[in-house]
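Hi,

Here is the structure I promised to pass on to you. Have it open while you read, and my notes on what turned up in it follow below.

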Amino acid sequence: MASWGNRLKQSLDPFIHSIRFRLVLWFVLILGLVMVVFSGFLYYRQAQDVRSVAMARLNFTLDHALGGREHEGAGEQPLTTLTAISGDTPVLVSDQQNGEILAIQGIDGTVLQSAGVLGTAELQALKLPASTWNGVQNVSVPKTAGTARGRYLFISPAILQNNQVSGYLLVGVPLDPNNQLGKLLLSLILGNLVTLAIALTGGFWLADRAMRPVRTITQAARQISETDLHKRLNLKGRDELSELGNTFDGMLSRLQAAFERQRQFTADASHELRTPLTIIDLESNRGLAGHRSIDEYERILGTIQSENKFMIRLVNNLLSLARMDAGQVKLKFEPLDLSEVASEVIERLQPLAHSQGVTLEVGALPETPVQADRATLSQLLTNLVENGIKYSASVTNPRVNISVGQRGVNGNSQAWVRVSDNGIGITPEHQAHIFDRFYQVEQSRNRANSTDGDGAGQESSGTGLGLAIAQWIAKAHQGEIRVESVPGQGSSFEVVLPPDR
Ligand code: ADP
């Protein structure tokens, strides 16, 4: 029995906790409350009407019974203040069809005479007190033959003879002879129940319809796995849930793109590492295959070392990008002079430029205040100047120029730093991609420098990540990086940063 109860509870539990159920429950509760209050008000107003009609009848019956005799409640006076009538004991004349009760009580409460729907014995059984009441009484009269149902309004003025109370005139009329209030109550209860039943069914139907997209979203979310992010909800319509569905689809698209980028990144990274690893493997095998001259061993070791250096740079760049993507790079913004950072970079790269036969030219370096992170800004400029050196070294009289300045654009001031070279340049179709990760215009060309000579050139061979990192840094500074280049004439990279305010 207990387990059956448990099973029922278990199967009902999801339903009871569903939004659908709670929504409908609240809706029906609130509707029920409103209807009960409204019905109560209606019933109260109707009860008041019924009572005032009964009071008018009571007044009329009293007047009729007294046959036009003076009494204290006559005319405009409300019946409730009536206390006494004077003169002889009235003669009781009653129209029984209206369910009236007329009687005369002695001062001890005995019913002496009656002319209404109840006889003296029945009235006596009601045990109405010898009138000590003042005004109108609402008394429940048992249903006996002839009486209208239930409640009666009674009035009981004292009969005064020679200023002495000689008895009481008892006049009663049914409060609600046609049972209007009972009928109204029944109609209200039935009406309320039917309305609530309709609200309950309609509410469930509506809530079910409204929640359908939520179930679609839940099902779709269940089907989405890490490897399959292709599923979309494609909810039609312009309501809130369709909006939620579309936002969900948008999120899935972004997630899919992010996963795809991640996958591509891992694939590219492995691919980039494969070449140096193969070279190291080949060279070491060559060295181990037989006796070599010292010169040859030196060449083999030189190649292995330079490939290793390339891999170290590649891994460092990969780590930088991974940390950037993961939001682990915390920039420490501080007021800096852009020209000062540029001078430091030039000074540091002077030996490299010299070794490559490239002249590092310093253009205008006015004091240019910016809010920036010194380490990453310095890395950005280093990447650009290194590229300038790398891609101009092969031309005659190679030069790399660095200048810094400030200008106003649309009322805003911008700080800029420009690195230009007279090197090999970049064709327009490549310019759009050079900031992509691992994008290299001509990989063999970049790595070609490396294999000849003593390996010094290898240190500057490309990983295809330098500009991607530079762009990330510029964006992290709310800045941007642009390129202008003419193949065979040279390239110019400009970084724009918001100034220090
Ligand atoms: P890399 O490590 O190969 O230099 P980058 O991301 O720094 O990678 O640059 C991407 C590509 O853009 C390079 O492979 C190169 O072809 C091109 N590039 C970058 N800077 C220059 C430049 N100053 N002159 C000519 N080509 C350039």
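Let's start with helix 7, which has a kink of about 45° at Leu 349, shortly before the proline Pro 351. (The bend at a residue is the angle between axes fitted to the seven residues ending there and the seven starting there.) Helices here are DSSP runs of H or I with at least four residues, strands are runs of E with at least two, and both are numbered from the N terminus.

Before going on, a word on the source: this is a predicted model, where local features need pLDDT of at least 70 and side-chain atom pairs count only at pLDDT 80 or more, while totals for chains, interfaces and linings use all residues. Residues are numbered from 1 along each chain as its sequence is written, and side-chain values use heavy atoms, with hydrogens and water left out.

Back to helix 7. It covers residues 338-355, 18 residues in total, and runs 26 Å from its first C-alpha to its last, close to the expected 26 Å. After the helix comes Gly 357, with a positive phi near 75°. The buried residues of helix 7 include Val 341, Val 345 and Leu 349; buried means under 20% relative accessible area, exposed means over 50%, and partly exposed is in between (1.4 Å probe, protein chains only).

Helix 4 also bends, by about 35° at Met 211, and the proline Pro 213 follows within four residues. Its 44 residues (180-223) should span 64 Å, and the end C-alpha atoms are 63 Å apart, so the two agree. Among its buried residues are Leu 181, Leu 184 and Leu 188, as well as Met 211 and Pro 213. An α-helix has 3.6 residues a turn, so residues three or four places apart point the same way.

Most residues other than glycine have a negative phi. Asn 179 is not a glycine, yet its phi is positive, about 55°. Asn 179 sits in the loop between strand 7 (164-174) and helix 4, and it is partly exposed at 24% relative accessible area. Phe 438 has a positive phi too, near 65°. Is Phe 438 buried or exposed? Its relative accessibility is 10%, so it counts as buried. You'll find Phe 438 in the loop between helix 9 (428-431) and helix 10.

Finally, the ligand. It is surrounded by 20 residues, and the closest are Asn 387, Tyr 391, Gln 440, Thr 463 and Leu 467. (A residue is near a molecule if one of its heavy atoms lies within 4 Å of it.) Which side chain has an N or O atom 2.8 Å from an oxygen atom of the ligand? That would be Tyr 391. A ligand oxygen also lies 2.8 Å from a backbone N or O atom of Leu 467, and one is 3.3 Å from a polar backbone atom of Gly 466. On its own the ligand exposes 530 Å², of which the protein buries 99%; these areas come from the Shrake-Rupley method with a 1.4 Å probe. Elements giving two or more residues to the shell include helix 8 (374-390) and helix 11 (466-476).

Notes:
Near = heavy atom within 4 Å. Polar contact = N/O pair within 3.5 Å; in protein donor to acceptor, adjacent residues only side chain to side chain. Expected span 1.5 Å × (residues − 1).
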